[in-house]
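Trainee: Please walk me through reading a model of this kind. Let us take the chains, then the rings.

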Number of protein chains: 2
Amino acid sequence: MRDFSQDHQWMSINTATVRKSRGQEVPLLDILDACARLGVRAISPWRDQVAAAGLEQVSRVVRSHGLALSGYCRGGMFTASDDAGLLRARDDNRRAVDEACELNAACLVLVVGGLPGGLQGKAEYHDIGRARAQVTEGIAQLLEYARERKMPIAIEPLHPMYAADRACINTLEQALDVCDLVDPARSGDIGVAVDLYHVWWDPKLQAQIARAGQKRLLAFHVCDWLTPTTDLLNDRGMMGDGVIEIPKVREWVEVQGFAGFSEVEIFSYRWWELDTDTILRTCIERHRSVV
Amino acid sequence: MRDFSQDHQWMSINTATVRKSRGQEVPLLDILDACARLGVRAISPWRDQVAAAGLEQVSRVVRSHGLALSGYCRGGMFTASDDAGLLRARDDNRRAVDEACELNAACLVLVVGGLPGGLQGKAEYHDIGRARAQVTEGIAQLLEYARERKMPIAIEPLHPMYAADRACINTLEQALDVCDLVDPARSGDIGVAVDLYHVWWDPKLQAQIARAGQKRLLAFHVCDWLTPTTDLLNDRGMMGDGVIEIPKVREWVEVQGFAGFSEVEIFSYRWWELDTDTILRTCIERHRSVV
């Protein structure tokens with residue numbers, strides 16, 4: 001297993017982690033500057049942040065700072081209650097691939113969507129099997145498009161508590177079943193993003209990481225699970241503050257040959273109350289000591 | 001599938017559902033009276049409520065009202081960071097079996113425990129594999145004791161969001177793996193409690209219900225999953241208010257031969273603000289219309 005204790009060359013910052021500073025939104029370009037200043041080599045930005053700053057401008061600054069993208073957040077949200085909605089999702093995902101290519105991202109991360117309307121509290125249908133079928137179909141279509149552009153796509157299984165509103169792919173096993181179906185050759189053009197927050201509890205985690213194998217382990221996200229967790233979305237813990245055995249799982253992915261970045265993705269009302277540099281310095285310190 | 005629309009003879013009330021009325025704790029004996037008055041045939045009481053009212057007294061009132069127990073809540077919490085803790089758990093679980101026998105419960109439901117201390121926000125160790133091994137060992141021991149007393153024990157897989165603090169058995173598949181291990185003959189002395197709140201999201205739900213089969217489907221709990229869910233513990237929905245396809249899953253268990261009660265178990269700050277009769281009448285109405 002790689003030694004992370006001496007530096008943070010293999011740490012990436014998901015920009016949601018520093019989306020706010022002292023409770024205020026931070027423009028993406030300021031986040032990129034802060035990362036560069038602290039020697040962060042890689043980031044994973046969100047589409048809304050990129051759109052707000054302007055894709056071309058972000059692309060320029062990313063290159064000038066020499067930042068790598070461990071991933072691009074995010075495509076997905078494939079489900080809809082009518083054909084028009086499915087078409088909109090298809091087109092939007094193609095744009096996401098194009099943006100990921102422009103930014104030279106390692107992969108496009110997919111949060112696949114739950115029941116359509118679920119996120120707005122008004123699920124338009126309740127058949128999660130139907131949602132899953134739409135997701136599989138949407139991914140199959142997107143894979144063709146992404147493959148031509150040489151942009152790997154990574155299914156991120158989300159914690160089951162998000163099944164209704166954010167993603168109906170909820171285990172690594174289920175994500176890999178979809179990968180097997182749409183890419184039986186296991187080409188590596190489609191794989192998974194292993195985010196410990198979502199999968200740490202899974203009794204089949206180690207076995208499914210082995211099943212994924214090097215080619216399909218496209219991203220590795222870390223944070224921690226707090227006890228108690230007080231909010232379903234924005235109470236993720238800083239690495240070391242919760243119960244996840246991060247090094248154990250990192251070893252499992254590295255045994256398979258994963259050699260990419262460890263991406264810090266923390267949605268947290270608590271951390272967003274601190275300032276950008278404090279959050280980043282803490283991420284670096286914890287990356288070296290507990291990841 | 002049984003027709004529930006004409007009456008509520010197959011509805012059971014988990015007493016946590018009416019633990020409070022207008023925000024105030026309700027003594028168990030008052031709950032039993034209210035259930036009897038509204039023609040509820042079955043309940044599933046909690047040990048702390050029984051202890052507060054006195055086991056003998058509860059047993060007498062249950063019999064005088066002719067109430068059945070669809071289950072007894074709960075045994076489990078098998079994990080500990082030392083041998084003394086494991087022994088305390090073993091002894092406490094034996095007492096739970098004895099109480100379940102006294103009350104003539106259909107089964108003793110097991111919430112197996114998470115990381116020891118997790119519920120108090122101070123996990124004493126972080127190795128969830130160790131917790132799972134302790135749980136399997138604890139269940140194996142308890143099965144011997146319960147079998148002699150002819151009290152079936154039902155593993156209730158809890159939603160993965162409770163893995164750290166309440167139960168490290170989080171899917172039906174995992175629960176059945178434990179059943180297979182400790183009872184390879186599939187005697188029915190140990191089985192599962194299928195609570196839709198915990199398992200509705202599982203892509204393998206139908207397959208694992210079929211795997212369980214009639215003998216191991218010992219309890220069926222209903223409520224609903226709300227979007228958004230605002231609290232990890234006490235924001236369960238009344239049947240029909242959320243996204244779970246209850247009749248579809250009820251059909252899956254009944255196809256296997258399950259013919260027991262549909263137990264309403266709702267932990268909800270919102271519903272606990274209403275009065276006992278309103279909660280119970282709503283349960284009855286929804287049982288007939290959407291379960």
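Trainee: Through which surface do the copies meet, the same or a different one?

Mentor: The same surface, because 100% of the interface residues of chain B are also interface residues in chain A. Contact means heavy atoms within 4.5 Å. This is a predicted model: local features need pLDDT of at least 70, side-chain atom pairs count only at pLDDT 80 or more, and totals for chains, interfaces and linings use all residues. Residues are numbered from 1 along each chain as its sequence is written, chains are lettered from A and ligands numbered from 1 in the order written, and side-chain values use heavy atoms, without hydrogens and water.

Trainee: How is a pair of aromatic rings described?

Mentor: By the distance of the centres and the angle of the planes. Rings of Phe, Tyr and Trp (its six-membered ring) pair if their centres lie within 6.5 Å; planes under 30 degrees apart are stacked, over 60 edge-to-face, the rest tilted. Over all chains, the structure holds 13 aromatic pairs. B:Trp46 and B:Phe267 are edge-to-face, because their centres are 5.9 Å apart and their planes at 70 degrees.

Trainee: Are B:Trp46 and B:Phe267 buried or exposed?

Mentor: Buried means under 20% relative accessible area, exposed over 50%, partly exposed in between (1.4 Å probe, protein chains only). B:Trp46 is buried at 13%, and B:Phe267 is buried at 11%.

Trainee: Which charged end sits over the ring of B:Phe267?

Mentor: The rule is NZ of Lys or CZ of Arg within 6 Å of the ring centre and within 35 degrees of the ring normal. Here B:Arg236 sits over the B:Phe267 ring, 4.2 Å from its centre.
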